[in-house]
Amino acid sequence: MSLNKYDTNYAIIKAYMSAIVIIPCRYASTRFPGKPLQSLMGKPLIQHVYERAAKAQSIKAIFVATDSDAIFKAVKAFDGNAVMTSITHQSGTDRIAEAFVKILDTNKEISLADTVVNVQGDEPMIMPEMIDDVVELLHSSRADISTLAKKIESYHDLIDANTVKVVFNSKGLALYFSRSPIPYFRDEWKDMTDIGPSKLPGELFKHIGIYGYSGEFLLKFTKLPISRLENIERLEQLRALENGYKIKIAITKFETIGVDTREDLERVRQCLSISS
């Protein structure tokens with residue numbers, strides 16, 4: 001398809017051509033050390049994330065940002081791009097920022113104006129369409145960050161503190177993220193012990209940990225101090241909200257399973273076995 005600057009989709013298509021994916025990937029996870037190298041259908045988990053991201057139509061390059069020689073070598077073994085980063089980073093976004101600066105220094109085709117998509121290194125079921133959606137969402141809105149949410153359909157996701165919940169306004173802008181069930185349905189739930197599988201309201205959403213932002217905003221964001229609510233919930237996206245930045249949410253139909261524990265890894269194995 002031939003596009004010119006007067007085409008309504010020109011800006012979005014042009015933006016698509018300047019997006020990169022950076023996957024933060026550390027070895028020393030508190031809950032599951034070494035999980036990026038765990039074997040999944042004959043490949044390390046990080047390779048599944050990388051190969052799925054590579055199928056997105058909106059990106060021109062993918063990089064894994066890691067603090068581990070073992071992960072670096074594993075990525076190179078399947079011909080992926082990897083960048084070594086410090087072991088002292090407190091968040092994946094900080095790791096991505098360091099990697100992005102190094103990429104800018106060595107790759108003339110990448111600039112501060114590019115869209116950076118943060119894809120979590122423990123999301124082996126990420127769909128390439130989700131990456132494209134985040135890129136398009138960022139460039140079709142005036143938000144500082146774009147991300148995704150999915151309707152909660154299981155009791156496990158509702159009560160699991162590792163599954164982050166999100167509420168947003170009528171314009172799709174995030175109001176709050178929490179590890180607790182939000183909003184609290186007062187009439188259905190008399191107290192927290194009353195939250196059960198048979199009492200799952202229809203308007204609850206979980207956050208899918210994928211983010212889009214400009215390279216310029218990424219570097220600005222990581223210079224902000226850790227905020228009060230971020231420190232309480234251990235959710236860095238709250239730093240953006242507390243500083244007045246806008247996070248745009250799009251609802252996705254795709255289900256993912258983030259691998260935080262060995263039990264999660266087994267759930268992913270079962271899902272991939274059924275779909276293969």
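This is a predicted model: local features need pLDDT of at least 70, side-chain atom pairs count only at pLDDT 80 or more; totals for chains, interfaces and linings use all residues.
Local features need pLDDT of at least 70 and side-chain atom pairs pLDDT 80 or more, whereas totals for chains, interfaces and linings use all residues. Residues are numbered from 1 along each chain as its sequence is written, and side-chain values use heavy atoms, without hydrogens and water.

The largest pocket is lined by 49 residues, and Arg31, Gln120, Asp122, Arg179 and Asp260 lie nearest its centre. A pocket here is an open set of points on a 1 Å grid over the protein atoms alone where a 1.4 Å probe fits, with protein on both sides within 12 Å along at least five of seven lines; lining residues have an atom within 4 Å of a point. Elements giving two or more residues to this lining include strand E1 (19–25), helix H4 (92–106) and strand E10 (205–214); helices (H or I, at least four residues) and strands (E, at least two) are DSSP runs numbered from the N terminus. The largest share, five residues, comes from E10.

Salt bridges, defined by a side-chain nitrogen of Lys or Arg within 4 Å of a carboxyl oxygen of Asp or Glu, number 13 in the whole structure. One of them joins Lys35 to Asp260, with the closest N and O atoms 3.9 Å apart. Lys35 lies in the loop between E1 and strand E2 (39–40) and Asp260 in the loop between E11 and H10, so this pair ties together parts that are 225 residues apart in sequence. Lys35 is buried at 10% relative accessibility, and Asp260 is buried at 12% (buried means under 20% relative accessible area, exposed over 50%, partly exposed in between, with a 1.4 Å probe and protein chains only).

Strand E10 also holds Lys206, while Glu255 lies in the loop between E11 and H10, so their pairing links parts 49 residues apart in sequence. The closest N and O atoms of Lys206 and Glu255 are 2.3 Å apart. Lys206 is buried, at 6%, whereas Glu255 is partly exposed, at 33%. Both belong to a network of salt bridges that also links Lys150, Glu153 and Asp157.

Asp160, in the loop between H6 and strand E8 (165–168), is buried yet has no salt bridge, the nearest side chain of opposite charge being Arg267, 5.7 Å away. Tyr245 occupies the loop between H9 and strand E11 (247–251). Its C-alpha atom is 8.0 Å from that of Ile145, 100 residues away along the chain.

How values were computed. Lys and Arg count as positive and Asp and Glu as negative; His and the chain ends are not counted.
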